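Dear colleague,

Please find below the sequence and the structure that I am handing over to you.

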Amino acid sequence: MGIGSLLVLSSVFGASLTIQGVNRAEFWAYQQDWATHYEDKLELSARYSDFDAELGVLWFEPSKHGPSVRKPLHLLDYAIGYNPEELEVRLGRFYTTFGQGLTLSSGADDDFRHYKSLHGLFGRLKLPLSSEVTLLGGRLRDVFFQENTYKIMNELDTTDQVLGADLTIRPIQFFGLGTRYVRINREVDPTARAFTELFGGDCRLDIGPVSAGAEFAWRLGTKPGIGGRETGTGYILNLSTALAGFSILAQYVNYLRLGFPPGTYHYNDPPTPIKSGVSINRGVDEQGFGVQASGTIPNGLYIEADLARLFVHDDTSAGVLEGEFKTRQSLGTNWTFELKFNHMLQKNIELGTYERITDRPAILLNYLTGPHTFTLEAELGWVTELPTDTTHGSNWRYHEPLISVSYGLGEKWLFTIGWQGVDKDSLKRYDNQTSWPVFETVYNINERNVLRLRIGAEKGGYTCSGGVCRYEAPFRGMKLQLISRI
């Protein structure tokens, strides 16, 4: 096709080619054994008229450190789509979630380095009455960064086939309905008819400042290994209201044998009401609630309070309780002052820990004058921990202090010196380490490029995001990161 033909097409469609994307390049150097790894994650998208294309690259190259075998990961993803106003058709990699994730959930989380994608055919059609119908067929790939390496969590089940349909409709402005169906055909099922089905529906009502919603799901599955049918159920109730600068959000969840499969990865991801993202078993056996109230009083003081509890149905073997209070006040145009207190109880959540209770008061001060920004952050954690194995004693009591000082110069530079510590020297969760100093420099090269250098140590530990949890190994060394946007 010559230049003349391209000009004709541009004139006919009245559109131009647009390309955008982001690239994250990282290099990690470990103090221990002089090990290294480098990683590059590229996401590009191009659009011309009603057509678009996407290209994704994840390139992970570690050196061989420790007794484990070196496991690089090289992924190349693509997608091509046709997107007129009322229709979307996509072939290749895509992300989608039905409702709130009780029947099907996929997505990309760059901060947590979790990429759960579907690969196949996706279609969505807009219909009258503000309704949409979605159809899809594909296979799941769950990529997760854990213990300083990437893992494909469903590596043994990549041949599973997912078929799904979702319909949402809003017949009147303040009322909406949805219904959905997901079928999962697994190679590991013992018989040809032993597939898993998930049925779901939801409704939503919006009247003035009040919004109420409910979503339910039913799973008809196969008993692992032995065959035979089993069922699971789950539902979420949501209520929110906002009035005169104040808002209240409330949620209740109840899941029983809904998470599928009940292992290291899920096709569905029922949400957790816990603010910090902790879950017990991601929909296999959970019930609980979460409440958040926030607002600004007339003198400009912002207040937020959160309370959430999640527990198994017998209410004795496992559970999480989290409460947090936060207040923030701006003093003139230069000072910002924030106080926070977090209380959390975890029972049988982490492997090897029967119970862990933490209380964390924290303070954040920010001062701005001209192009100069000064920030002070301090936290002190009181921890009581009871290990599952009590051979060497009962409760452990220790403290986890944190302090961080930052200086920013205009929009170009940010320098941070920080330190975290613990006053107990035999904690397996931190590889028996007790001190983690760090220095970080962030350089905004221009509007599209940011360079970050971090030297020092990170304590790691158990961390969660959106109900998915992992153990982060402690780190000592250097991290260099360049983020570039097109």
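A cavity is a set of grid points where a 1.4 Å probe fits but cannot get out, and its lining residues are those with an atom within 4 Å of a point. Rolling a probe the size of a water molecule over the atoms shows where empty space is left. Please keep in mind that the model is a predicted one.

Cavities

The search of the whole structure finds two cavities of 30 Å³ or more. The largest cavity has a volume of about 110 Å³. Its lining is made up of 13 residues, and nearest its centre lie Glu-43, Leu-58, Asp-77, Arg-93 and Arg-141. Sorted by class, the lining of the largest cavity comprises six nonpolar, two polar and five charged residues. Four strands each supply at least two residues of this lining: E2 (36–48), E3 (51–62), E4 (73–82) and E9.

E27 gives the most, with five residues. By class, four residues of the lining of the second largest cavity are nonpolar, two are polar and three are charged.

Nonpolar cores

The largest nonpolar core holds 36 residues, and those that touch the most other members are Leu-104, Leu-136, Val-182, Tyr-267, Ile-274, Val-278 and Ile-280. Two or more residues of this core come from each of the strands E9 (114–127), E10 (131–146), E13 (175–185), E17 (246–256), E19 (302–311) and E29 (468–472). The largest share, three residues, comes from E10. Domain 2 (86–239 + 253–262) and domain 3 (272–486) each contribute at least three residues to this core.

Ile-274, one of the residues that touch the most other members of the core, also shows which parts of the chain come together around it. Which residues is Ile-274 in contact with, leaving aside its neighbours within four places in sequence? They are Ala-308, Arg-309, Leu-310, Val-320, Glu-322 and Met-344.

Backbone details

The peptide bond from Phe-260 to Pro-261 is cis, with omega near -15 degrees. Pro-261 is located in the loop between E17 and strand E18 (285–296).

Leu-129 has a positive phi of about 65 degrees, although it is not a glycine, and is found in the loop between E9 and E10. Ser-130, in the loop between E9 and E10, likewise is not a glycine and has a positive phi, of about 50 degrees. Is Ser-130 buried or exposed? Ser-130 has a relative accessible area of 61%, and because exposed means over 50%, Ser-130 counts as exposed.

With kind regards

Note on methods. Residues are numbered from 1 along each chain as its sequence is written. This is a predicted model: local features need pLDDT of at least 70, side-chain atom pairs count only at pLDDT 80 or more; totals for chains, interfaces and linings use all residues. Side-chain values use heavy atoms; hydrogens and water are left out. A nonpolar core is a set of buried Ala, Val, Leu, Ile, Met, Phe, Trp, Tyr and Cys residues joined through side-chain atoms within 4.5 Å. Buried means under 20% relative accessible area, exposed over 50%, partly exposed in between (1.4 Å probe, protein chains only). Domain bounds come from an automatic or database domain assignment. Contact means heavy atoms within 4.5 Å. On a 1 Å grid over the protein atoms alone, a cavity is a set of points where a 1.4 Å probe fits but cannot get out, and a pocket is an open set with protein on both sides within 12 Å along at least five of seven lines; lining residues have an atom within 4 Å of a point. Grid points are joined across faces, edges and corners, and a volume is the space filled by probe spheres set on the points. Ala, Val, Leu, Ile, Met, Phe, Trp, Tyr, Cys and Pro count as nonpolar, Asp, Glu, Lys and Arg as charged, and the others, Gly among them, as polar.
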